[in-house]
Amino acid sequence: MLMRVYETPSWAREPRCREPDQFDYPPRSNAEFAEFVHQAARHWRGRVAAYEIYNEPNLADEWGGCDPDPVRYTSMLGGVYPRLKQADPDALLVTSGLSNTGDGSVPGVCEGRVPVCGDLLYLQQMYTIGGGRMGTHWDALGAHPYGGPNPPEAEPASHPPTGLYFRRMEDMRNIINDFGGREPVPIWATEMGWL
């Protein structure tokens, strides 16, 4: 089983984010969140194979209205990873599947008041600025390769840069190869589908 750890109760939310009817706020404290994951993994040890941490944090709507922040998200993973492994050494940590957004609402920007950060830029910044890497922050990268109106076999180069094609994961693999060195990082499609 893959369990998504997602949504934050009001008492544990980042207070700067303001989406009153949502629960998908980032946590106010990485340490508190890491402790929660630790306790959950202790409870579910041997019954949950992997934990996906959050959902599409490159979208402000999925991040409690806060700006998508790959550095902050990567820091959160870095706090969770060792605590998860202490509770269940066999459990895998899977990054949130990024929304395949193409270039995002402002191409090439992942800071300030940006409602959508491009998925490939977000991933690049998780590696470079956030200092993330396999074995210290994650065991697999999550992906949401929705095809939109494009068939599964559609070549990435044959479509506008919307990001809506199943083979978007090939673009992610190129980033992993560029920034991740020789790490054999698996990519897990944790959501997918077509219109």
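Which residue in S5 is the bridge partner of serine 99? The partner is histidine 144. This is a predicted model, in which local features need pLDDT of at least 70, side-chain atom pairs count only at pLDDT 80 or more, and totals for chains, interfaces and linings use all residues. Residues are numbered from 1 along each chain as its sequence is written, and side-chain values use heavy atoms, without hydrogens and water.

**Sheet**
- The open sheet has three strands in the order S4-S5-S6, with parallel pairing; strands are DSSP runs of E, at least two residues, and helices are runs of H or I, at least four, numbered from the N terminus.
- Strand S4 (98-99) and strand S6 (187-189) are the edge strands, each pairing on one side only.
- Two bridges join S4 to strand S5 (residues 141-144) in the parallel sense; strands pair if DSSP finds at least two bridges between them.

**Helix on the sheet**
- Helix H4 (residues 168-179) lies across S5 and S6 and runs at about 160 degrees to S6; angles run from 0 to 180 degrees between N-to-C directions, and axes are lines fitted to C-alpha atoms, for helices over the stretch in contact.

**Helix pair H1 and H2**
- Helix H1 (residues 30-44) packs against helix H2 (residues 70-87) at about 30 degrees, their axes 8 Å apart.
- H1 is therefore roughly parallel to H2 (angles under 35 degrees).
- Residues of H1 in contact (heavy atoms within 4.5 Å) with H2 include Phe33, Val37 and Ala41; on the H2 side, Met76, Val80 and Leu84 are among them.

Key
Parallel < 35°, antiparallel > 145°, perpendicular 65-115°, else oblique.
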